[in-house]
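Work through the exercises below with the sequence and the structure side by side. Each task is followed by a stepwise solution.

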Number of protein chains: 2
Amino acid sequence: MNYDKILLAHGSGGRMMRELIEGRFLPALTGGYASLGMEDSAVMDFPGGRIALTTDSYVVNPIFFPGGNIGDLAVNGTVNDLAMSGAVPLYLTTGFIVEEGMPIDQLEEIIRSMKAAADKAGVSIVAGDTKVVDRGKADRLFINTAGVGVVPEGVNISAGGIRPGDCLILSGTLGDHGMAVMSKRAGLGFGSDLVTDSAPLNRLVQEMLAVCPEMHALRDPTRGGLASTLNEFADASKVGILINEAALPVRDSVKGACELLGLDPLYVANEGKLVAAVPRDKADAVLSAMKANEYGKGACIIGEAVADPPGKVLIKTLIGGTRILDMLAGELLPRIC
Amino acid sequence: MNYDKILLAHGSGGRMMRELIEGRFLPALTGGYASLGMEDSAVMDFPGGRIALTTDSYVVNPIFFPGGNIGDLAVNGTVNDLAMSGAVPLYLTTGFIVEEGMPIDQLEEIIRSMKAAADKAGVSIVAGDTKVVDRGKADRLFINTAGVGVVPEGVNISAGGIRPGDCLILSGTLGDHGMAVMSKRAGLGFGSDLVTDSAPLNRLVQEMLAVCPEMHALRDPTRGGLASTLNEFADASKVGILINEAALPVRDSVKGACELLGLDPLYVANEGKLVAAVPRDKADAVLSAMKANEYGKGACIIGEAVADPPGKVLIKTLIGGTRILDMLAGELLPRIC
């Protein structure tokens, strides 16, 4: 049978669910990778050693936004969470919670985007689940992705591993993802270069680790933005972090949109950027490696770790003062990822 | 600060989210197991070999029901999906999608249930994520769990592995979970023994594999019930499956509730039962092993695999006839798990 909208029966565990998954989802997802079958678990080879595991749910509103959608966002986000622990991402799972009435062709488009993003990152989506809830009990589509990777020997990356003297390197411009979603949500035409930066950073990380295996900390500043990530670093490592505002790259379009909406790009979500803490004597090598990767072209040193004050982030402002850059307290941009 | 309800700001990535997770969620989850920290991924040791991966989202309504809640249901469900591939479950991840306004003490109670269920199954919840959506855009709480296990050498269990002559063994009564949820949802007092059968089946499976490592197929008949599972078996293995209705165990209270609501227990979800296809000469040994486990006390042989008709499930009815037992077509019980 053919349907163009999701019905409750598509979540039943019965024939209609099988038709939907086998007929429309699986053909879009399988290919060169481990096959997604109808078993309860996917079984794959795995090298011994250390495994990295992560999960994220995506509730972004709207589900389609400039430069991407909830599907490639979910794949890139989970790939990046694995990469930030120094892991080589291998396998992903995906769980869909679909609101009754969602157009099936939109769901298929999102699944195709997930497959394309997985291919680009070099990972396989090996297991999935679909639940349907009644109209008005969800918001079209929520996606959960979980991911598994292998951590190479000798790699020990942790938010708590930063030492005074470390250089802090940012991979590119701030606030692109958050402002792309906001512009779409608010129906504001801020300009055509306001697109998400959603991207897989796993190869960038591998190239950074190749020149600096002793990397101290890595994180992708998503919800809460760079300011929240730096505060997590300072808190976990018991160091101070001193940032130079003049060094922070922000696109003019993002700057303009932020001013209009009263937002600070330091707190706006990124989905294709990372911030690294590296020993000072390796900073140049890491920077060169980053600039050679398509997702690290805009890499720059934004500051350093200092002994005092421990647990605080300070920012040297454009006009020459220094102020504390606090963690985001409440909510700036709900449902940005 | 203290709050008793979830606010949008609890999903911000900022200070309120940290307070909620570090102050209230993590203390309930950590203990004897790998610590759930604030890193992007959890990193653990993993033996080499074959890895099993699975994911499930839980949207059950209501979230508290007789004998359990959405939290232990999610843990048991993912443990069981791993177990059904013969894997020893090791690590779980959990993603929460919370509706703004949800009472935090309910969320904590659910998280405590997850920890208790994980302890009982012998698995660790090692990574988590929390998203908050605005009121009216979700239904209190959805949980996604993903799980990782290791598949012992020599174990090859698959829905497609059944051969004519195999015995089909069911571990206990049918329909308990589905009717427990329905009775609560409908506000019907069907009697106090109508409780979910939600339980971790991983040790039961290990004990079955100890006496029958060549086990052909295993599955927990959740959504769609036993009828759907048997149809999946018949379809994947290209065998016929012949079931004896008189052998199917159903509690009187479940039978009564099903009659009242016009439901067939063969299509109602179970969350602590499994059906196994085993070579005939191992059936007695497997049955004995099952009866010795608390979750297999009610184990019984319900039928056999036959060469003809391939892909079909036949049921010998109580009055002596034989009819085709089809897969569930539409939706019987939405949001039962």
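**Exercise 1. Is B:V155 buried or exposed, and where does it lie?**

Solution. The model is predicted.
- Step 1: find the element. B:V155 sits in the loop between β7 (141-151) and β8 (167-170) of chain B.
- Step 2: take the relative accessibility. The value for B:V155 is 7%.
- Step 3: apply the cut-off. Buried means under 20% relative accessible area. B:V155 therefore counts as buried.
- Step 4: relate B:V155 to a residue elsewhere in the chain. B:I21 is 134 residues away along the chain, and the two C-alpha atoms are separated by 39 Å.

**Exercise 2. Describe how α4 and α7 pack in each chain.**

Solution. Two packed helices are described by the angle between their axes and the distance between the axes.
- Step 1: start with chain B. Helix α4 (residues 176-185) packs on helix α7 (residues 252-261) at an angle of about 60°, and the axes are 10 Å apart. That angle makes α4(B) oblique to α7(B).
- Step 2: The crossing of α4(B) and α7(B) is left-handed.
- Step 3: turn to chain A. The axes of α4(A) and α7(A) (residues 252-261) cross at roughly 60° and come within 10 Å. So α4(A) is oblique to α7(A).
- Step 4: α4(A) and α7(A) make a left-handed crossing.

**Exercise 3. Which residues form the nonpolar surface patch of chain A that includes A:L188?**

Solution. 
- Step 1: list the members. The patch consists of A:L188, A:L260 and A:L261.
- Step 2: give the area. Together they have about 250 Å² of accessible area.
- Step 3: classify A:L188. Its relative accessibility is 31%, so A:L188 counts as partly exposed.

**Exercise 4. Examine the backbone at A:P62, B:P309, A:R140 and A:K238.**

Solution. Most residues other than glycine have a negative phi, and most peptide bonds are trans.
- Step 1: check omega at A:P62. A cis peptide bond joins A:N61 to A:P62, with omega about 5°. A:P62 is in the loop between β2 (49-58) and β3 (64-65) of chain A.
- Step 2: check omega at B:P309. The bond from B:D308 to B:P309 is cis, with omega near -5°. B:P309 belongs to the loop between β12 (300-306) and β13 (313-316) of chain B.
- Step 3: check phi at A:R140. It is positive, about 65°, although A:R140 is not a glycine. A:R140 lies in the loop between β6 (124-133) and β7 (141-151) of chain A. With 31% relative accessibility, A:R140 counts as partly exposed.
- Step 4: check phi at A:K238. This value is positive too, near 55°. A:K238 is in the loop between α6 (225-237) and β10 (240-244) of chain A. At 57% relative accessibility, A:K238 counts as exposed.

**Exercise 5. How many salt bridges does the whole structure hold, and where do three of them lie?**

Solution. 
- Step 1: count. The search over all chains finds 26 salt bridges.
- Step 2: take B:D56 and A:K131. Their closest N and O atoms are 3.4 Å apart. The pair crosses between chains, from strand β2 (residues 49-58) of chain B to strand β6 of chain A. B:D56 is buried at 10% relative accessible area. A:K131 is buried at 3%.
- Step 3: take A:R335 and B:D134. The closest N and O atoms are 3.1 Å apart. A:R335 lies in the segment after β14 (322-324) of chain A and B:D134 in the loop between β6 (124-133) and β7 of chain B, so this pair joins two chains. A:R335 is buried, at 6%, whereas B:D134 is partly exposed, at 24%.
- Step 4: take B:D119 and B:K115. This bridge spans 2.9 Å, N to O. Both residues lie in helix α3 (residues 104-121) of chain B, 4 residues apart, about one turn of the helix. B:D119 is partly exposed at 33%, and B:K115 is buried at 12%.

**Exercise 6. Which residues are linked with A:D56 in a network of salt bridges?**

Solution. 
- Step 1: name the partners. A:R223, B:D129 and B:K131 are linked with A:D56 in the network.

Terms used
Residues numbered from 1 in each chain as written. Chains lettered and ligands numbered in written order. Predicted model: local features only at pLDDT ≥ 70, side-chain atom pairs only at ≥ 80, totals over all residues. Heavy atoms only, no water. Patch = residues over 30% accessible without salt bridge, like charges linked within 9 Å, V, L, I, M, F, W, Y side chains within 5 Å. Areas by Shrake-Rupley, 256 points an atom, 1.4 Å probe, with all protein chains shown as cover. Salt bridge = Lys/Arg side-chain N within 4 Å of Asp/Glu carboxyl O. Buried < 20%, exposed > 50% of the residue type's maximum accessible area, 1.4 Å probe, protein only. Axes fitted to C-alpha atoms, helices over the stretch in contact; angles between N-to-C directions. Parallel < 35°, antiparallel > 145°, perpendicular 65-115°, else oblique. Left-handed = near helix turned anticlockwise from the far one by under 90°.
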